[in-house]
Amino acid sequence: MTQPALLLLLQDAAPAVVPADTAWMLVSTALVLLMTPALAFFYGGLVRTKNALNTMMMSFVALGAVGLVWALVAYSLAFSDGGAWIGGFGNAMLAGVGLEAKGTIPHLLFMAYQGTFAIITAALISGAVVERMRFGPYVAFIVLWTLLVYAPVAHWVWGGGWLMTKGVLDFAGGTVVHINAGLSALVAATVLGARKDHGRQAILPHNVPFVLLGAGLLWFGWFGFNGGSALTAGELASLAFTNTFLAPMATLVVWVLLDYFRTGHATAVGGATGIVVGLVAITPAAGFISPLSAIALGAIATFPSYFAIAYRSRTRLDDSLDVFAGHGVGGITGALLTGVFASKAWNSAGNDGLLAGNAAQLGVQGLGVLSSVVYSSVMTFVILKALSAVTSLKASTRIEGLGMDVTQHGEEAYGSGEGSILVLPSDDAVTVAAPGVASFPNPATR
Amino acid sequence: MKLIIAIVRPEKLNDVLEALYRAEVRGLTASRVMGHGGETERVENYRGTSVKVGLQEKVRLEIGVSEGFVDVTVKAILASARTGEVGDGKVFVLDVDQVRRIRTGERDEAAVTPAVPTEV
């Protein structure tokens, strides 16, 4: 959300709920919530068959675990009155979060909308630790991370904290969501260590259509993420919405061209990744820059992430699904380019950037990036080390070989059931599932 | 010349292929199969339906080798496919009456992995 918009709503003497704004924010909240299942498909398609369910569940479980922690405690830490570093417990257990106006929408809806951000940010990190992190410790990690990393950083930038006071421009979460998740992913991948097959065997995506489906649904949901961050349904939402429409188009085109000239093929996984990187990069800038700047930003943002992915895959760092290269590097690029392209002509509540003659904004953006980079990295390291003192974070080599679906969840993504024996609740009496009944219907009965 | 049939765990396949490659065994056929080697049945649950997975996924390798390569191949598989748990699989060595290479019509020893293995 825009910083001045929030100042406005804090200062508004006689706030009133505006139905039009509320309608758009209701839709936006649902759109952003859909991004987490979308991420599950994006990540799920990129892993091997034996880890598909586990990878998707790492995103889905955030809908429950992080969502509840957000409503009960983390929302208060991020957005209730507090100091420069963290909010208070004033809104814990949803105390004082009712239907009264917060800006021009009900406070309760504002809480829910912000909750969808906390959920997907935690889920983003999972891409760095897939195919090897045990499920229980993972859930514990994202819950602690939401309380100790997400909530404070959200408070700094949006909740009246020190970065907000400094004038950092982060329209929809380049710093809070993407740099935050990207750096945490980098640290988590390092602390956990590589998969046993990393660098030894080819580890290929098991379902590229899932990756495309996920990227498409992420883009759809992102209209709520960026458009909704206006917190109103007017001109500002339209600007952010259209920039979210344009920037990934540029990234997609440039990414596919780079792919084509470097490898001779326009790859589908590359195209899907390009879309996500474009969305990440436009996030901090969406409501502050012109549409043509958005196209330029999307095009430029391709290069750092593209080459970061190409470089990472040749190293021993097993950030398995390139969360750092996509979200960390993409987020940093977007945050800095916001300081380049920002224009008061498009958003008078924002600020001018480098191209409009205000080079200082670039420095402020750099400060936002740096503080988030340092805090996320250090805190993620501390949380993971604390957890690893209690339990092992990583599955054994044997479990990794068998796959996380069967070992963590007792299910298979693509099991046929053939040869399985039905366990009846009563007893030892077992019935062999008739092989092929489902897949080969009797022609006589068709 | 012999036909070696090995049933191995799918998660060990890459290790086996690597070991065979290092042993300079060239040419093999792999198929996904279902089987059971006496291992404990795994229980899976799908919304109240519990099933014991009686048949596990395995990979079946078929490798035609000359006499000199039989031991090398078997040793490579034994060393690379083993986890030490029940269900690691089996290796069968079978006599073969005749082998023909379709491309050239070469016969028997000339049609399979060459006769003299380099020691590994």
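In this predicted model, helix α1 (residues 13–22) of chain B buries B:Asp15, B:Val16, B:Ala19 and B:Leu20. Buried means that 20 or more other C-beta atoms, placed from the backbone, lie within 10 Å of the residue's own; exposed means 12 or fewer. The four cover an arc of only 130 degrees around the axis, so they sit on the same side of α1(B). That arc is taken from the directions from the helix axis to the C-beta atoms. The face turned away from the buried side carries the exposed residues B:Tyr21 and B:Arg22. The buried residues of α1(B) pack against β1 (2–8) and α2 (70–81) of chain B. Just after α1(B), B:Glu24 takes a positive phi of about 65 degrees. Helices here are DSSP runs of H or I with at least four residues, and strands are E runs of at least two, numbered from the N terminus.

Residues are numbered from 1 along each chain as its sequence is written, and chains are lettered from A in the order in which they are written. Local features need pLDDT of at least 70, side-chain atom pairs count only at pLDDT 80 or more, and totals for chains, interfaces and linings use all residues.

Now turn to chain A. Helix α9 (residues 235–263) and helix α10 (residues 268–282) pack at an angle of about 140 degrees, with axes 7 Å apart. They are therefore oblique to each other. The crossing is right-handed. Residues in contact include A:Trp255 and A:Asp259 in α9(A), and A:Gly274 and A:Ile275 in α10(A). Contact means C-beta atoms, placed from the backbone, within 7 Å. By class, this contact has eleven nonpolar, eight polar and one charged residues.

Further along, helix α11 (residues 291–312) and helix α12 (residues 323–341) of chain A pack at about 150 degrees, with axes 9 Å apart. That angle makes α11(A) roughly antiparallel to α12(A), a label for angles over 145 degrees. Their crossing is also right-handed. Among the residues that meet are A:Leu297 and A:Arg312 of α11(A), and A:Val329 and A:Phe341 of α12(A). Ten nonpolar, six polar and one charged residues make up the contact.

Last comes the meeting of the chains. The contact takes 13 residues from chain A and 15 residues from chain B. On the side of chain A, α14 (397–402) and β3 (420–423) are the elements that give two or more residues. β3(A) gives the most, with four residues. The residues on this side divide into five nonpolar, five polar and three charged.

Methods:
Axes fitted to C-alpha atoms, helices over the stretch in contact; angles between N-to-C directions. Parallel < 35°, antiparallel > 145°, perpendicular 65-115°, else oblique. Left-handed = near helix turned anticlockwise from the far one by under 90°. Contact = placed C-beta atoms within 7 Å. Nonpolar A, V, L, I, M, F, W, Y, C, P; charged D, E, K, R; others polar.
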